[in-house]
Amino acid sequence: MMDAHEKSERLIEAATAILAAAPNHRLNTVVLNKALFYLDLASLRDDGKTMTGNSYIALQQGPVVAKYQERLIGQLQARVIAEQLDEWDGSKPIVLKNGTLRSHHLDASAMSRAAGITAFFAKQTSQQASEYSHENPGWLLAWAEYRRSGKPCAIDMRVAMQQILQDDPWMDEPLIGDEDILAADDAESGTDW
């Protein structure tokens, strides 16, 4: 189990890897949170554990790192890795200042996964990324609980992972082939119930 220090280090390393792979090394805060969420889901799917070990909560805009202002943005700024801009249009992108990533927790596979997820999310607006995350079953359950209780609810990552699992083709295959069904019907080997 990861302690708080390791979770913080992993979160900052993952965010840095995502920002380093983004065009102009910048992403809107909403998009960065979604990229981190899906990076953790892909890690859970592929490695059996999330990359950062952090919890995500369901907000109206979709999944975000719990206490993201402090744990994510605050730490990126305090470590002089990135800064959050306040732009004229109301957006608040996070911009990488120091692109040097000294990774202690991300291996080459993790870096490649981060780059792939960034490529997907970097093309999306904050609204598009939120809408995509609203299809996530883990977010849907946590959001329903938040609306019922009025308290932020953690997202169950194992439930959330269902969104990114690929269909198994054998699940669409009938248990027996059409020829076997016809042969059984012709032989009248079955009995009525």
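N24 is exposed, with a relative accessible area of 67% (exposed means over 50% relative accessible area, buried under 20% and partly exposed in between, with a 1.4 Å probe and protein chains only). This residue lies in the loop between helix 1 (4-21) and strand 1 (26-28), where helices (H or I, at least four residues) and strands (E, at least two) are DSSP runs numbered from the N terminus. The model is predicted, so local features need pLDDT of at least 70 and side-chain atom pairs count only at pLDDT 80 or more, while totals for chains, interfaces and linings use all residues. Residues are numbered from 1 along each chain as its sequence is written, and side-chain values use heavy atoms, with hydrogens and water left out.

**Overall architecture**

- The protein contains eight helices and five strands.
- From the N terminus on, the order of these elements is α-β-α-β-β-α-β-β-α-α-α-α-α.
- Of the 193 residues in the protein, 39% are buried.
- The protein exposes about 11,600 Å², and carbon and sulfur atoms supply 50% of that area; accessible areas come from the Shrake-Rupley method with a 1.4 Å probe, and for residues only the protein chains shown count as cover.
- Among contacts in the protein with a separation of 6 or more, 66% are between residues 24 or more positions apart; contact means heavy atoms within 4.5 Å.

- N24 has a positive phi of about 60 degrees although it is not a glycine.
- H25 also has a positive phi, of about 55 degrees, and is likewise not a glycine.
- H25 is placed in the loop between helix 1 and strand 1, and its relative accessibility of 36% makes it partly exposed.
- A22 belongs to the loop between helix 1 and strand 1, but at 4% relative accessibility this residue counts as buried.
- Not counting residues up to four places away in sequence, A22 touches L27 and T118.
- The C-alpha atoms of A22 and V95 are separated by 9.6 Å, although the two residues are 73 residues apart along the chain.

**Packing of helix 3 against helix 1**

- Helix 1 and helix 3 pack with their axes 10 Å apart and at an angle of about 70 degrees; axes are lines fitted to C-alpha atoms, for helices over the stretch in contact, and angles run from 0 to 180 degrees between N-to-C directions.
- The two helices are therefore roughly perpendicular to each other (angles of 65 to 115 degrees count as roughly perpendicular, under 35 as roughly parallel, over 145 as roughly antiparallel and the rest as oblique).
- Helix 1 contributes S8, L11, I12, A15, T16 and L19 to the contact, and helix 3 contributes R71, L72, Q75 and L76.
- By class, the contact of helix 1 with helix 3 has six nonpolar, three polar and one charged residues; Ala, Val, Leu, Ile, Met, Phe, Trp, Tyr, Cys and Pro count as nonpolar, Asp, Glu, Lys and Arg as charged, and the others, Gly among them, as polar.

**Packing of helix 3 against helix 2**

- The axes of helix 2 (residues 29-47) and helix 3 (residues 68-78) come within 12 Å and cross at roughly 105 degrees.
- That angle makes helix 2 roughly perpendicular to helix 3.
- On the helix 2 side the contact is made by T29, L32, N33 and L36, and on the helix 3 side by Y68, L72, I73 and L76.
- The contact of helix 2 with helix 3 has six nonpolar, two polar and no charged residues.

**R113 in helix 4**

- R113 lies in helix 4 (residues 108-122) and counts as buried at 13% relative accessibility.
- The side chains of R113 and D47 are joined by a polar contact of 3.1 Å; a polar contact is a pair of N or O atoms within 3.5 Å, and within protein one must be able to donate a hydrogen and the other to accept it, with residues adjacent in sequence counting only if both atoms are side-chain atoms.
- Beyond its neighbours within four places in sequence, R113 is in contact with L39, A42, S43, D46, D47 and M51.

**S130 in helix 5**

- S130 is placed in helix 5 (residues 126-133) and, at 8% relative accessibility, counts as buried.
- Leaving aside neighbours within four places in sequence, S130 is in contact with V30, K34 and Q61.
- The C-alpha atoms of S130 and G62, 68 residues apart along the chain, are separated by 5.3 Å.
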